[in-house]
Amino acid sequence: LRIMAGKVKWVTDIEKSVLINNFEKRGWIQVAENEDWNFYWMSVQTIRNVFSVETGYRLSDDQIVNHFPNHYELTRKDLMVKNIKRYRKELEKEGSPLAEKDENGKYIYLDFVPVTFMLPADYNLFVEEFRKNPSSTWIMKPCGKAQGKGIFLINKLSQIKKWSRDSKTSSFVTQSSKEAYVISLYINNPLLIGGKKFDLRLYVLVSTYRPLRCYMYKLGFCRFCTVKYTPSTSELDNMFVHLTNVAIQKHGDDYNHIHGGKWTVSNLRLYLESTRGKEVTNKLFDEIHWIIVQSLKAVAPVMNNDKHCFECYGYDIIIDDKLKPWLIEVNASPSLTSSTANDRILKYNLINDTLNIAVPNGEIPDCKWNKSPPKEVLGNYEVLYDEEMAQSDGPDRDLRSRSGQSSGVKGNRARDSGKPVLTTWK
């Protein structure tokens with residue numbers, strides 16, 4: 001539901017049914033009928049109005065909302081990359097071993113986003129990079145759109161010039177008259193299953209940024225393209241080959257409405273364990289968890305950590321054929337509509353489990369409540385990272401975890417005993 005000028009508007013039937021059932025369990029349904037809400041499920045547009053300086057609106061202690069005011073620092077494509085780049089530089093200045101580079105100048109641990117430039121601002125830098133490898137393919141995405149809208153691939157400078165240059169002045173048109181784009185090196189060697197490209201949609205719940213506390217949802221899924229992948233330049237315009245977005249694939253001739261071109265994460269694990277081995281598969285998922293935690297750490301210093309807020313993000317991850325995961329983007333409003341029966345069950349449980357963590361014990365919300373919820377209310381969530389817990393294990397904990405060494409709350413004692421202890425983001 002969205003709250004607009006005090007009125008309640010339902011977004012989708014699934015959200016309505018899940019929220020009403022949840023409110024009934026908590027004894028809130030009478031409150032809901034009177035439109036006097038303690039819990040707000042808002043759109044990203046509405047959240048800006050709530051926290052706008054001009055409106056002067058202030059939330060009370062029993063009001064909780066499902067977005068952070070400036071969530072776009074992570075969920076807008078250009079700002080996500082900008083914040084990750086800044087985070088890397090800061091770690092370098094601090095002399096952190098996390099920012100270590102190899103002999104070619106590439107980050108060993110923090111190389112998890114494709115090479116990316118902002119257009120039109122970084123055009124000259126992009127051209128310089130493009131000319132180092134003129135046979136490379138790049139993907140262009142508008143910064144403020146979703147569902148695959150406005151995305152296209154290029155492999156020639158002439159293609160981008162045609163898009164971006166003013167024909168009379170031979171210079172970039174101003175940012176105000178043309179939407180800002182990001183251009184990223186295309187992952188042209190994706191891991192294929194059945195010859196088709198896919199990506200991962202994973203859900204991550206953040207309850208607070210300072211200290212950072214986040215949860216991983218165990219029931220993510222893979223989204224497959226409907227057409228077999230080919231790196232051939234003749235297929236650059238075929239989005240059914242390259243883009244996994246359901247909003248695009250559902251219009252393809254080969255789209256299957258029963259399974260929706262989706263696989264559960266557990267099925268992906270089984271496939272990888274049987275084809276690549278369990279150790280390699282565990283390493284891959286550890287790296288995915290690492291990527292998510294580091295991306296959240298990158299934006300934590302600039303995020304407005306309002307005590308009334310929590311957020312469930314939709315992470316998009318692509319795995320290449322060397323089993324290296326890449327962070328593609330983070331969504332502030334991952335789709336909660338269902339395309340299949342399994343999809344409906346997953347998203348029903350997702351909303352239900354999210355509410356149980358945001359407002360533990362089914363009580364009236366209290367934004368001052370800052371404890372970790374008990375394990376029994378987590379449902380399909382598991383603790384991905386708890387900064388307070390991690391700090392008790394020493395400053396080198398992140399590097400040890402990234403290098404494959406076990407660490408945990410008990411730190412040295414656990415390692416001395418010889419028993420493997422899960423890192424706090426597993």
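**Exercise 1. In which strand does Arg-213 lie? Describe its surroundings.**

Before we start: this is a predicted model, where local features need pLDDT of at least 70, side-chain atom pairs count only at pLDDT 80 or more, and totals for chains, interfaces and linings use all residues. Residues are numbered from 1 along each chain as its sequence is written, and side-chain values use heavy atoms, with hydrogens and water left out.

*Solution.* 
- Step 1: Find the strand. Arg-213 belongs to strand β11, residues 212–217. Strands (E, at least two residues) and helices (H or I, at least four) are DSSP runs, numbered from the N terminus.
- Step 2: Check the burial. Arg-213 counts as buried because its relative accessibility is 4%. Buried means under 20% relative accessible area, exposed over 50%, and partly exposed in between, with a 1.4 Å probe and protein chains only.
- Step 3: List some neighbours. Leaving aside residues within four places in sequence, Arg-213 is in contact with several residues, including Leu-205, Asn-370, Tyr-385 and Glu-388. Contact means heavy atoms within 4.5 Å.
- Step 4: Compare sequence with space. Arg-213 and Glu-388 are 175 residues apart in sequence, and their C-alpha atoms are 8.3 Å apart.
- Step 5: Look for a polar contact. The side chains of Arg-213 and Ser-372 make one, at 3.4 Å. Such a contact is a pair of N or O atoms within 3.5 Å; within protein, one must be able to donate a hydrogen and the other to accept it, and residues adjacent in sequence count only if both atoms are side-chain atoms.

**Exercise 2. Which aromatic pairs does Tyr-203 form with Tyr-217 and Phe-221?**

*Solution.* 
- Step 1: Learn the rule. Rings of Phe, Tyr and Trp (its six-membered ring) pair if their centres lie within 6.5 Å; planes under 30 degrees apart count as stacked, over 60 as edge-to-face and the rest as tilted. The whole structure has 13 aromatic pairs.
- Step 2: Take Tyr-217. Its pair with Tyr-203 is edge-to-face, with 6.5 Å centre to centre and 80 degrees between the planes. Tyr-203 lies in strand β10 (residues 196–209) and Tyr-217 in strand β11, so the pair ties together parts that are 14 residues apart in sequence.
- Step 3: Take Phe-221. Its pair with Tyr-203 is tilted, at 6.3 Å centre to centre and 55 degrees between the planes. Here strand β10 is linked with strand β12 (residues 221–224), and the two residues are 18 apart.
- Step 4: Widen the view. Tyr-203, Tyr-215, Tyr-217, Phe-221 and Tyr-381 form one aromatic cluster.

**Exercise 3. Why do the buried residues of α10 line one face of the helix?**

*Solution.* 
- Step 1: Pick out the residues. In helix α10 (residues 265–275), Val-265, Leu-268 and Leu-272 are buried.
- Step 2: Look down the axis. The buried residues fall within an arc of 55 degrees, so they line one face. The arc is that of the directions from the helix axis to the C-beta atoms.
- Step 3: Recall the geometry. An α-helix has 3.6 residues a turn, so residues three or four places apart point the same way.
- Step 4: Turn to the other side. There, Leu-270 and Ser-274 are exposed.
- Step 5: Find the packing partners. Among them are β10, β12 and α11, against which the buried residues of α10 pack.
- Step 6: Follow the chain onward. After α10 comes Gly-277, with a positive phi near 105 degrees.
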